[in-house]
Amino acid sequence: MSLFRTALCERLGIEYPIVQSGMGSVAGPDLVAEVCRAGGLGILAGLNVPPDDLRKMIRHVRSLTNRPFGVNLWLHKALRPPIDPTSVPEETLRGAQAVLDRFRARLGVPAATPTRPGRGPDLVDAAVAVVLDERPPVFSAALGTPGPELVADCHRRGIKVMAMVATVEDARTAAADGVDVVVAQGGEAGGHRSVDGKPASPETTSLGIVVLLPQVVDVVRVPVVAAGGIADGRGLVAVLALGASGALLGTRFVATRESLAPEIYKKRLLESESGATTLTDVITGLWARALANTFTREYAASGAPVLPPLVQRGVANDVYTAALKQGDPEYFPMMAGQSVGLIRDLPGAAEVVHTLVREARAVLDALPRRVRLS
Ligand SMILES: Cc1cc2nc3c(=O)[nH]c(=O)nc-3n(C[C@H](O)[C@H](O)[C@H](O)COP(=O)(O)O)c2cc1C
């Protein structure tokens, strides 16, 4: 039997307690299938994917592997339906556009006219319907707990539910909803804080994983997976010691050959130290950890207003698109966690899983020699 079988492995039918995050715009079918074939749980990103495309992607994963996999969706209320930009006062919008126009001028992008963007597409309910219909082995919910009805709908169709939370209170709520696995997201994590709504400051939903994880383990009965700051076998063993049943990794999998992240982003990740990230709301309007660049620094320093959740992203999107086209990482959003300083290579995703297992075994073997009980 594998040294690393945990309750998570039993519950999800996977070989190793290693989960790849369903990262928006990063985790496509190739990455997911590769992780699953290596014995971990790969999760497909459903964020902003139109329903027909999501269905095709799920079927694509199935054509590549018969191992268990997951599909991730954000459940955030700012997406259900998307916030209407007409609700933003003219002056606020003009303030945001003024700083964005500065960036546009540098990138040779036309200034904002009209200043008011259209409303984003309302995709979440249709995506949930696709998940229920396609019945992937796991539904992974983030930025909002799923609620007992959706959990029951999933269970009736044989779908296990995993919910990512950033507070002890949300862990209790997710467990009461009946989820099969709780993911505790520490403040080290790359990407958005997994909470519904938007706290005034990111502090309350950015607890270190060493502090958050044991508290979550203490209040729920289902397996808990740790997310945030884990990029090697040492991290995996550490969270198992704290009571986790597995580890979920995001940033480590961004820097893999199969990830859909553009080359400029992967290159910046490999060059960055752990202090290179920032917790900011200027990229999307929600708190997220990303690599600091000219965009995040200058926007914050300008004092310009940040638009409501995801309206901010919609308004700034032409800047991001131009930056990508021009290969300019200074104006492109690059979500990344503090584990970035541990990541120096660009392996295949299966190799990441195998390396984690190998390293974790070595750590466990060495531990009795390093820590003598008397
Ligand atoms: C580029 C990127 C995109 C992400 N997108 C999502 C997402 O769409 N859904 C989600 O549940 N979590 C997303 N996350 C957060 C991860 O699920 C997870 O909490 C985090 O990556 C764990 O910390 P780590 O990056 O230190 O491994 C994303 C993370 C990154 C780095």
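Which residues' side chains meet in a salt bridge with 2.8 Å from N to O? I looked this up and found D133 and R55.

**Ground rules.** I am working with a predicted model, where local features need pLDDT of at least 70, side-chain atom pairs count only at pLDDT 80 or more, and totals for chains, interfaces and linings use all residues. I number residues from 1 along each chain as its sequence is written, and side-chain values use heavy atoms, with hydrogens and water left out.

**Salt bridges.** I counted a salt bridge where a side-chain nitrogen of Lys or Arg lies within 4 Å of a carboxyl oxygen of Asp or Glu. My search of the whole structure gave 21 of them. D133 sits in helix α5 (residues 124–134) and R55 in helix α3 (residues 51–64), so this pair ties together parts 78 residues apart in sequence. Helices here are DSSP runs of H or I with at least four residues, and strands are runs of E with at least two, numbered from the N terminus.

I then checked E330 and R268, whose side chains also meet in a salt bridge (2.9 Å, N to O). E330 is in the loop between α13 (311–325) and α14 (349–370), R268 is in helix α11 (residues 263–271), and the two are 62 residues apart. R268 is partly exposed, with a relative accessible area of 21%. Shared partners join R55, R59, R62, D133 and E134 into one salt-bridge network.

**N293.** I was pleased to meet E330 again here: N293 touches P329, E330, Y331, F332 and M334, leaving aside residues up to four places away in sequence; contact means heavy atoms within 4.5 Å. N293 lies in the loop between β11 (288–291) and α12 (294–302). At 1% relative accessibility N293 counts as buried (buried is under 20% relative accessible area, exposed over 50%, partly exposed in between, with a 1.4 Å probe and protein chains only). A polar atom of the N293 side chain is 2.9 Å from the backbone oxygen of P329.

**Ligand.** Next I turned to the ligand. Of the 23 residues around the ligand, S21, N72, G229, G250 and T251 come nearest; a residue is near if one of its heavy atoms lies within 4 Å. An N or O atom in the T251 side chain is 2.5 Å from a ligand oxygen. For the Q185 side chain, I noted 3.1 Å from an N or O atom to an oxygen atom of the ligand. The protein buries 96% of the 590 Å² that the ligand exposes when taken alone (Shrake-Rupley areas, 1.4 Å probe).

Definitions and conventions:
A polar contact is a pair of N or O atoms within 3.5 Å; within protein, one must be able to donate a hydrogen and the other to accept it, and residues adjacent in sequence count only if both atoms are side-chain atoms.
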